[in-house]
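Dear colleague,

I am passing on the structure we discussed, together with some notes on its salt bridges. Please look through it before reading on.

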Amino acid sequence: YNTALLIMFGLSFPYLLITSFFSLIAICQLYSKEYNKIQYIYVAIVDVTFILFIGFRGYVMHDWYSYRPFFDSAPTLLQLPLVNVEMTSEEHFEPLYILYNCLIKTFTSEYETFILINTVIDLALLHFAFRRFLQKESWALFLVTYLAFNGFTGEMDLLRNTKSTLLFLISIKYIEERRILPFILLNLLALGFHWSALVYFP
């Protein structure tokens with residue numbers, strides 16, 4: 001029983017460490033919110049830490065069992081017209097996710113680099129989705145909350161669904177502005193990453 005607890009703590013420790021670090025940065029941000037320049041430094045520290053932790057996670061969680069073989073078998077963009085991508089894998093992914101793999105495969109054949117690029121893109125989408133709601137001094141606190149409420153799972157397991165959801169969140173402002181075309185285009189992109197985005201359409 002004690003051994004099991006030690007193993008569980010050992011597995012949890014990196015996640016406790018990064019959430020504690022982000023919480024510390026969040027406190028520093030809130031107590032120095034009148035200093036605008038230092039807020040940019042805090043945001044950069046948090047973003048770089050997020051990319052290093054999530055982007056270099058290796059083979060954590062479960063979905064890499066599907067994503068790794070698919071990426072390895074995906075053609076480059078130059079090979080795409082000559083290859084039936086669906087025949088290269090047992091997985092049947094959405095068309096934009098297939099193209100996304102082929103685009104990255106054009107520049108690198110390393111799955112680890114694919115994950116790193118994927119993490120940078122997710123972080124950029126998070127910034128786009130929430131920047132209108134958050135001030136700079138709230139960024140670390142937001143990331144702590146995001147990671148605590150299944151953000152780790154979203155980043156490490158749900159590669160397609162996370163992008164689909166974030167694209168929908170970005171599109172919400174166009175509903176408020178009554179601009180239907182950008183709303184539909186963004187959710188078509190979301191649909192290209194995950195079929196569940198069908199529920200986002202009115």
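In what follows, a residue is called buried under 20% relative accessible area, exposed over 50%, and partly exposed in between, with a 1.4 Å probe and protein chains only. Please bear in mind that this is a predicted model, in which local features need pLDDT of at least 70 and side-chain atom pairs count only at pLDDT 80 or more, while totals for chains, interfaces and linings use all residues. Residues are numbered from 1 along each chain as its sequence is written, and side-chain values use heavy atoms, with hydrogens and water left out.

A search of the whole structure gives 6 salt bridges, each being a side-chain nitrogen of Lys or Arg within 4 Å of a carboxyl oxygen of Asp or Glu.

One of them joins the side chains of E94 and R160, at 2.9 Å from N to O. This pair links distant parts of the chain, 66 residues apart, with E94 in the loop between helix 3 (64-73) and helix 4 (95-107) and R160 in helix 7 (residues 159-176); helices here are DSSP runs of H or I with at least four residues, numbered from the N terminus. E94 is buried, at 1% relative accessible area, and R160 is also buried, at 14%.

Another salt bridge joins R132 and E176, at 3.0 Å from N to O. R132 is partly exposed at 38%, whereas E176 is exposed at 52%.

E177 and R179 also pair, at 3.1 Å from N to O, and here E177 is partly exposed at 40%, as is R179 at 44%. Finally, R68, D72 and E112 are linked in a network of salt bridges.

Best wishes

How values were computed. Helices (H or I, at least four residues) and strands (E, at least two) are DSSP runs, numbered from the N terminus.
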